Amino acid sequence: MASTEQESAPVEVIAPQEVLYCKVCTFPIEYCEFGSSLTKCKEWLENENPSLFNKYYSEEALQAKIGTLSLEAQEKLDKDSAKKEAKAEAKADAALKKKMASQVTIKRIERNKRKHVTAIHGLEAFDVDLKKAAKFFAQKFATGASVTKNPQGLEEIVVQGDVSGEIVEMIEDGVGLLKNVPKDNIVEVEEKTKKGGA
């Protein structure tokens, strides 16, 4: 067999480009201006990497970017970005208020004379995964627990047995999945079944 020599030219290895992501809006820093929190992004970048801040947001860089825009377009751009930031802050505040106004209802329901079930609803407002929480309760109390829809159409966790007191204690102690639920938002309710009259 004849061997062929291949002339191998030195292959130029291209190193991957490193991209710096903003810790505020999670965009690459070149695209922070398209996010809803440009001023916070600018503050973060100025503290974190002043040279890149000067590259993108110094007076010369801004003049080069908007030099082609008319004054009216520039004012409109500033107004739009301020409006976008205000809207994002208002949305975040509304979500926080809704979260703090939400309540977790722990209801003890009597099935038969001595049999009880405990229903918990309202945990989803505090970013608790209901299926994981049901599994956690089932393991903790060695009993059955499931996610069902209540008559109002909302999802709730139903745990077999009278464990309402223990669940309240777990929420107050911030155990496992329940650490984000504030103590003040817990409501305990007892519901008894009505006996049918003849």
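Is His 116 buried or exposed? His 116 counts as buried because its relative accessibility is 15%; buried means under 20% relative accessible area, exposed over 50%, and partly exposed in between, with a 1.4 Å probe and protein chains only. The model is predicted, so local features need pLDDT of at least 70 and side-chain atom pairs count only at pLDDT 80 or more, while totals for chains, interfaces and linings use all residues. Residues are numbered from 1 along each chain as its sequence is written, and side-chain values use heavy atoms, with hydrogens and water left out.

His 116 lies in strand S2, residues 116-121. Helices (H or I, at least four residues) and strands (E, at least two) are DSSP runs numbered from the N terminus. The side chain of His 116 makes a polar contact with the side chain of Arg 108 at 2.9 Å. A polar contact is a pair of N or O atoms within 3.5 Å; within protein, one must be able to donate a hydrogen and the other to accept it, and residues adjacent in sequence count only if both atoms are side-chain atoms. Leaving aside residues up to four places away in sequence, His 116 also touches Gln 160, Gly 161 and Asp 162, among others; contact means heavy atoms within 4.5 Å.

S2 is largely enclosed by the rest of the structure, because 6 of its 6 residues are buried. His 116, Thr 118 and Ile 120 point one way from S2, and Val 117, Ala 119 and His 121 point the other way.

Two strands pair if DSSP finds at least two bridges between them.

| Strands | Sense | Bridges | A bridge pair |
|---|---|---|---|
| S1 and S2 | antiparallel | 6 | Ile 109 and Val 117 |
| S2 and S4 | antiparallel | 4 | Ala 119 and Val 158 |

A hairpin of 5 residues joins S1 to S2.

**Nonpolar cores**

A nonpolar core is a set of buried Ala, Val, Leu, Ile, Met, Phe, Trp, Tyr and Cys residues joined through side-chain atoms within 4.5 Å. The largest has 21 residues, of which Ile 120, Leu 123, Phe 137, Ile 157 and Ile 167 touch the most other members. Two or more residues come from each of S1 (104-110), H5 (130-141), S4 (155-160) and H6 (164-173). H5 gives the largest share, 5 residues. Beyond four places in sequence, Phe 137 touches residues including Ile 120, Ile 157, Ile 167 and Leu 178. Apart from this core lies another, of 11 residues, among them Ile 29, Trp 44, Phe 53 and Tyr 56.
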